Amino acid sequence: MAYALHETLEVHEIAAFKTVCMTKSKTMRALVSDPALKQILQEDVDSSTRQLEELSAILSKATQ
Amino acid sequence: MTMKQATPIKMDDLDPINALNMPEMADMTFAMDFLLRAKEGVRNTAAALTETASPQARAVLRSQLRQGVALHQEITELMIRKKWFHPYELKEQYQLDQLSANKTVQIAQMKLFPDDTRRKGMFDRTPDEHIGGNKA
C-alpha cells in the first residue's frame, strides 16, 4: 500500500533525527564512565538500530 | 629553612587540577544531553503520529513512541538516583545548574588548542569537488 506524501516526509524526518541520535549515543558511550549510563546508552543504540530498520522498511515501501 | 621559588610554576589549561571531578561532571552532562534527546524524540514521534493515516505507519510510530517514553523514564530514574537531577528540590537543582554553568564558562575560556590545528591546504581536493562544492 502506498503512503501519502506527508506521511513519507514525517517518517523521513524521524529517521534523520534517529540517525543523528544513534550516532551520538554510540560516540558518547565510549566517553561515559558510569556503568549504568553506559548500559542505557548501549540499549538505546540497539533499539535505535531496530527502529531505524522499521522506518527504512516504511520508506522503501513508500518510494516504490 | 623555607624554600622560596623565584618564579611560580605557571598553570596551563591541561593541568590536572582542572580535571578534578571531571569524570562525574562529564557523566552528568552526557546524561542530561541523553535525557534531552530522549525528550525531543518523544515529542517528534508524537507529532509525527498525529500526521499519519496509514495503519502500518501508525503502528510503527506508536510502538516507537512507547519505547521512547520508556527510555525517557529510565534515564530520568537513573539521573535522580545518581543525584544528577533534582526535580523535587529546586534549590539543589539551582545550585547544580550554577555549578555546571560556571564550569562551562571556564571551559569556554580555556585555550585548549594553542597551536594552529587547521588541515586546510594539506589536501589537493575536497570531498564535494565533483558537484562543484569547492567553487561554492
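B:K83 is exposed in this predicted model, because its relative accessibility is 57% (buried means under 20% relative accessible area, exposed over 50%, and partly exposed in between, with a 1.4 Å probe and protein chains only). B:K83 sits in the loop between helix 2 (55-81) and helix 3 (90-109) of chain B. Helices here are DSSP runs (H or I, at least four residues), numbered from the N terminus. The phi angle of B:K83 is near 60 degrees, a positive value in a residue other than glycine. Most residues other than glycine have a negative phi.

The model is predicted, so local features need pLDDT of at least 70 and side-chain atom pairs count only at pLDDT 80 or more, while totals for chains, interfaces and linings use all residues. Residues are numbered from 1 along each chain as its sequence is written, chains are lettered from A in the order in which they are written, and side-chain values use heavy atoms, with hydrogens and water left out.

The interface between the chains was examined next. In chain A, 27 residues are in contact with 29 residues of chain B (contact means heavy atoms within 4.5 Å). The two chains bury about 2500 Å² between them. Buried area is the accessible area (1.4 Å probe) that two parts lose on being put together, summed over both. Carbon and sulfur atoms carry 62% of the area buried between chain A and chain B. On the chain A side, A:F17, A:L37 and A:I40 supply 21% of the area buried against chain B, more than any other three residues.

Salt bridges were then assigned (a side-chain nitrogen of Lys or Arg within 4 Å of a carboxyl oxygen of Asp or Glu). Over all chains, the whole structure holds four salt bridges. Two salt bridges cross the interface of chain A and chain B. In one pair, B:D33 bridges to A:K24, with the closest N and O atoms 3.0 Å apart. This pair joins two chains, because B:D33 lies in helix 1 of chain B and A:K24 in helix 1 of chain A. B:D33 is partly exposed, at a relative accessible area of 22%. A:K24 is also partly exposed, at 31%.

B:K82 and A:D34 form another pair, and their side chains meet at 2.7 Å, N to O. B:K82 lies in the loop between helix 2 and helix 3 of chain B, and A:D34 in the loop between helix 1 and helix 2 of chain A, so this pair too joins two chains. B:K82 is partly exposed, with a relative accessible area of 35%. A:D34 is buried, with a relative accessible area of 9%.

Within chain B, B:R37 forms a salt bridge with B:D33, the closest N and O atoms being 3.2 Å apart. Both residues belong to helix 1 of chain B, four residues apart, about one turn of the helix. B:R37 counts as buried, because its relative accessibility is 10%.

Pockets were located on a 1 Å grid over the protein atoms alone. A pocket is an open set of points where a 1.4 Å probe fits, with protein on both sides within 12 Å along at least five of seven lines; lining residues have an atom within 4 Å of a point. Grid points are joined across faces, edges and corners, and a volume is the space filled by probe spheres set on the points. The largest pocket holds about 360 Å³ of space. It is lined by 24 residues, and those closest to its centre are A:K18, A:D44, A:Q51, B:G68 and B:L71. At least two lining residues come from each of helix 1 (5-31) and helix 2 (35-62) of chain A, and helix 1 (22-49) and helix 2 of chain B. The lining divides into nine nonpolar, nine polar and six charged residues. Ala, Val, Leu, Ile, Met, Phe, Trp, Tyr, Cys and Pro count as nonpolar, Asp, Glu, Lys and Arg as charged, and the others, Gly among them, as polar.

The second largest pocket holds about 230 Å³. Of its 14 lining residues, B:M25, B:M28, B:T29, B:S100 and B:T104 are the closest to its centre. Helix 1 and helix 3 of chain B are the elements that give two or more residues to this lining. Helix 3 of chain B gives the largest share, seven residues. By class, the lining has eight nonpolar, four polar and two charged residues.
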